[in-house]
Amino acid sequence: MADKNGFFDLSKTTLSRRTALKGMAAGAGLALAPGFVRYSQAQSSAPIRIGFQSHRTGIGAAYGRWYEKTSAAAVKAINDAGGISGRKVELVIEDDGTDPARGAEVVNKFAKQHKTDIVFGTLFSHVVIGSAPAAGENKIPYFVVSEGHHVASTKLNRYVFQPGITDVKSQIQSMAPWIAANAGKKVTQIFPDFAFGYDHRDYLPPALKAQGGDVIAQIAIPPTESSFTKYFPQIPAETEVIYHVMVGPAVLTFVKELGEFYGSQRPQLFGFIDSLEAVDINSPGLEFLDGSHFWEGSPRYAQPDDSAAQKAYRAAVGIDDNGAAVGDAKDVSTAAHMFGCWETLYVVKKAMEDAGYKGPEDRAKLVEATEALKEFAEGPEHPQGPKTFNGKIHQCFGIQNISKVEGGKLKVVHKTKIEDGLYEPEGDYTTQAL
Amino acid sequence: MRDASPAKIYALHIGVIALLFALNFILPDYHQGLFARIMALAVFAMGYNLLFGYGGLLSLGHAMFFSAGLYGAGLTVYHLGWGVPEAFVVGIACGALLALVIGLLALRTSGVAFMIVTMMFAQVFYLLILYFAAWTGGDQGLVIQQASRVVAIGGASFDLTDPTVRYMIALALFSIILLVTLATVRSRFGRVLVAIRENEERTKMLGYDTVANKLAAVVASGAICAASGAAYALLFGYVGSSFASIQYSILPLLWVLLGGAATTLGPLIGTLFMYYVTDITSGFTSAYLLIVGVALILLVLFFPKGVLGSIRERWLGWLP
């Protein structure tokens, strides 16, 4: 159609019917060509992008590393089995420095820059609480794996969920019947003087009272303390059980000094493994814990009665029978908590498939579909055990493990029932607008 | 500082404000949000700069003034259900009052002792927040619900969670504090502060009440930092003790040193630089703080007086 001078001259161009038909046929052919087909399906076959808010640095780094490993293993398992609604899943990771201000920026970054479908994976409570407003403002579902009571307290917002790990209020409440029946009824609590300790301070006494036990002393230790001997004389002589939840690097000193204080004549000891997550139970100074009991979300050590799902989960994540990384016995995992990442991702899969989730425009549908979930059966998707889910408070409830330190290992001696950890809901997120 | 016409100086500052205004319409969503946060925190740096840059008083406790505003405003909304404007005023008042008390005590010292005393007071403030966890939320903090963060003026209501509203409010606060800082440092009071920084004994000899001037600087600085904290709580909806930790006393010092101490626009540049270096490098490596550290060392080597301080020294002597 170019004239002899090389220029288009539309005035001299006539479009015959044959040319038009040829053009239309060529256009239709092009549209049906493989490239175009792929393009037209791009929206529905593009990967589902999950923004993973990771504690890569800061005080949560040990947890963050294992949360990443577990999540990567879960994503691989989900993708190998066909993904979510046939779409591959992709993790987009940002470090929040275990800092609430940075955490909020990371959520904004996921929502506005990376344009991920959801945000997932946060552990530390102050980061969850600091990031929650950003999730609500961006209307992006925010699935945390924190065990804090903040989600269930209904003080956050409708976009925040914790469907893969039980909350600390439920965990403490579940422990009380076993403690009163097996360890002793007169309990002295020793806890760090900040929020993690306050949960134990506030939730244990009523739960224990209901079982006929009593908290006879509560000793709060300032977080800056590095020596604990001076606090031990405050422990009443009639104490039958010391309930301890010290966390951080001072734990080893705490246990060592407690051992020196009591010698071989000690009361029963009951603790939360949070104190020793990612710490080898056979570290020098921890010998005093032999024979004591711990709460564990999921057991660190492989147990004789482990289900096939539990074995498969451990193999997929890459932890050996001692709960350390396969090939590196010193790299102890955060086994009691990190299963929550695995299970949460399967909850996300279920909710997205229930909602017919296509993209960010369906986020509200995803929220409603998650709220509609009721139960998660034990199995490959939920290897820690069966769970129920309360859509009004966005929190799951499950079984807990009580393990005894025996021969340098943690052996599960009791599993609680889901009902042990249930409590009256404190509010209802579903009344909030989407 | 070489003389320059006030028109030129004010034109520069108005120009910066106009540029920030225009950026609201240009920036992608994520960066619009980040800029709002940076402007709110640049106010913190400006408050710090008034005392440190102009007054020569190095405090390591300014996190307490920021968090006095943060908690003053946040807790009033959370527990008393007050409106946003009233809470903002309460936040500033808390910071100013705290600064007055701390100033009266800490100004009995100077130099390194002043630094240590302010740091200790800030630590006390931080531990008090943890101690009164039943009201403050302790180390976990509190969320100010979206529904509480709405300002009704006349018939109109402004939702502070709306990105544009938030950006404009942060810009308004930043602009007011920038112009107030500029007017202050060009005023008689500002010149007395510089004189105290350069030679306190001589200033005293000239008949100035240096303690009263320093106290006024502490209170003004504390009030500005509290305004930043109050705005932060109300704009971003989170109140937490990490903002009262030592880290938030060191950050404004870094921002100011980076941008240029005793320059009116330096705090903005320092805050902007630190935020973006962190934001960009954290995408590539978890060792981003190492990169931030190297960047700081390079800046100290090549811009010992901060970005704007060095520019003023070498090329633009008229910069305020």
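**Ground rules.** Residues are numbered from 1 along each chain as its sequence is written, and chains are lettered from A, ligands numbered from 1, in the order in which they are written. Because the model is predicted, local features need pLDDT of at least 70 and side-chain atom pairs count only at pLDDT 80 or more, while totals for chains, interfaces and linings use all residues.

**Confidence.** I looked up the predictor's scores. The complex gets an ipTM of 0.88 and a pTM of 0.87. Chain B has a mean pLDDT of 93, with 99% of its residues at 70 or more. pLDDT is the predictor's confidence in each residue, from 0 to 100.

**Chain A overall.** I find twelve helices and 17 strands in chain A. These are DSSP runs numbered from the N terminus: helices are H or I of at least four residues, strands are E of at least two. Of the 434 residues of chain A, 50% are buried. Buried means 20 or more other C-beta atoms within 10 Å of the residue's own, with C-beta atoms placed from the backbone.

**Domains of chain A.** Domain 1 covers 48–166 + 337–398, and domain 2 covers 169–296 + 403–412. The bounds come from an automatic or database domain assignment. Their centres, taken over C-alpha atoms, are 30 Å apart. Seven residues of domain 1 are in contact with seven of domain 2. Contact means C-beta atoms, placed from the backbone, within 7 Å. On the domain 1 side I count three nonpolar, four polar and no charged residues. Here Ala, Val, Leu, Ile, Met, Phe, Trp, Tyr, Cys and Pro are nonpolar, Asp, Glu, Lys and Arg are charged, and the others, Gly among them, are polar.

**Parallel sheet.** Next I traced an open sheet of five strands in chain A, ordered 2-1-3-4-5, with parallel pairing. Strands pair if DSSP finds at least two bridges between them. Strand 2 (89–95) and strand 5 (160–161) of chain A are at the edges with a single partner strand each, so one side of each has no neighbour in the sheet. Strand 1 (residues 48–54) of chain A is joined to strand 2 of chain A by seven bridges. I48(A) has V89(A) as its bridge partner.

**Two hairpins.** In chain A, four bridges join strand 14 (residues 387–390) to strand 15 (residues 395–398), running antiparallel. N390(A) is bridged to Q395(A). Four residues lie between the strands, and H394(A) has a positive phi near 60°. Strand 15 of chain A is covered on both faces: Q395(A) and F397(A) are buried on one side, C396(A) and G398(A) on the other.
In chain B, strand 2 and strand 3 form a hairpin with two residues between them, and G154(B) in the turn has a positive phi of about 60°. V151(B) is bridged to F158(B).

**Core.** Which residues touch the most other members of the largest nonpolar core? They are V43(B), A226(B) and L234(B), in a core of 209 residues. Such a core is a set of buried Ala, Val, Leu, Ile, Met, Phe, Trp, Tyr and Cys residues joined through C-beta atoms within 7 Å. Helix 2 of chain B gives the largest share, 17 residues. Both domains of chain A also give residues to this core, so it lies between them. I checked V43(B): its contacts beyond four places in sequence include L173(B), F174(B) and I224(B).

**Chain contact.** Chain B brings 22 residues and chain A brings 25. Helix 2 (residues 29–54) of chain B gives the most to the chain B side, with five residues. That side has eight nonpolar, eleven polar and three charged residues.

Terms used: Contact = placed C-beta atoms within 7 Å. Buried ≥ 20, exposed ≤ 12 C-beta atoms within 10 Å, placed from the backbone.
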